[in-house]
Amino acid sequence: MLRILASAVSVASKAGSEVRRILETGKLDVVDKGIQDFQTEADRTAQRLIVASLTRAFPKCTIVGEENLDVDEEADRKLLSTSFDEEVLAKVLPKEYEEVREEDITIWVDPLDGTAEFVKGHLDHVTVLIGFSLRGKAVAGVVHQPFYNYTSGLQNLTGRTMWGLVGFGCFGVSPKPMPDGKLIVTTTASHNNKDIDESIAALKPDEVLRVGGAGHKVLLVIEGSAHAYVFASSGSKRWDTCAPEALLKSLGGQLTDITGKEIEYSHRLDGNYQNYMGIIASANRDLHSRIIRDIPQDVVDRLANANNDGLRSKI
Ligand code: AMP
Ligand code: MG
Ligand code: MG
């Protein structure tokens, strides 16, 4: 587990440099995957780099990446990262993690989260996400922000890398508590709909921050800019939530669906990794329960029914 994390921290940071390099070339070569669902050259290159590097170092892990890419061994070889972060390697993990076998780990890769905002130039919304699940639960995550502090210029950026392991700790980011007595909610900027609006209205927030990226929104919760991330909609996938969930949980927070149920991170043969029942993330358990309680039942029912209809139409 430690070696996988040390590798993923180095790999995420190298993927971040590729994302910055590609932005500088100005050739994003955007492909439409659906409504407000894009893929750029940066998404493709970052995924190649991450998947090729982790597959080579840890061939027995199951790796699920967001992008469907053609095999190109030559491109993969050029992008390989073979380093292990020294600071991570120096840690001593709890015994339960020392005994984890490579084949028990599933790795969830979102090479570039927040692509809709990336193409619009909202660079601080972009993260590289590498999440790790064990027996269906998110246990570790690496979150890299390639454009951290970019407002002072794109030159000399190194980004920042944060990682967390549930039951052990979180590194690279300092959590800040949120004030009581008001409620600031963060939600999607580019995938809004009626159910999201209805659930947010029911929470009566004092402020709503509409920004991109699941990784970015969880960072807002961790760093004390929002009390909760509320997304009462399908559309996000396991690779959007695994790394952010693990980071938040390693700090005592929670990320669940809108009914409070944990997201199941098992590898599926049908390749369907939608989080049909949405996302609620918050830094503290009491607040989390309160938000789950206040989500309108009709919104929960609509999401559940849409999920059932979706499953029926597939059969
Ligand atoms: P957002 O908060 O809109 O940035 O969404 C967080 C993550 O979930 C991003 O990776 C989005 O691409 C993904 N996502 C959310 N809703 C949808 C949707 N309706 N279609 C495709 N991707 C979505
Ligand atoms: Mg994403
Ligand atoms: Mg992505």
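The model is predicted, so local features need pLDDT of at least 70 and side-chain atom pairs count only at pLDDT 80 or more, while totals for chains, interfaces and linings use all residues. Residues are numbered from 1 along each chain as its sequence is written, chains are lettered from A and ligands numbered from 1 in the order in which they are written, and side-chain values use heavy atoms, with hydrogens and water left out.

Next, display the magnesium ion (ligand 3). Its protein donors are Glu-66 (OE), Asp-110 (OD) and Leu-112 (O), at 2.2 to 2.3 Å (donors are N, O and S atoms within 2.8 Å of the metal, or 3.2 Å for Na, K and Ca; water is not among the atoms, so sites may look incomplete). Glu-66 lies in the loop between β3 (62-65) and α3 (73-79) and Leu-112 in strand β4 (residues 105-113), so the pair ties together parts 46 residues apart in sequence. Helices (H or I, at least four residues) and strands (E, at least two) are DSSP runs, numbered from the N terminus. Glu-66 is also buried, at 18% relative accessible area.

Move to helix α8 (residues 214-222), where nine of the nine residues are buried, so the helix is largely enclosed by the rest of the structure. Just after α8, select Gly-224, which takes a positive phi of about 80°.

Notes
Buried means under 20% relative accessible area, exposed over 50%, partly exposed in between (1.4 Å probe, protein chains only).
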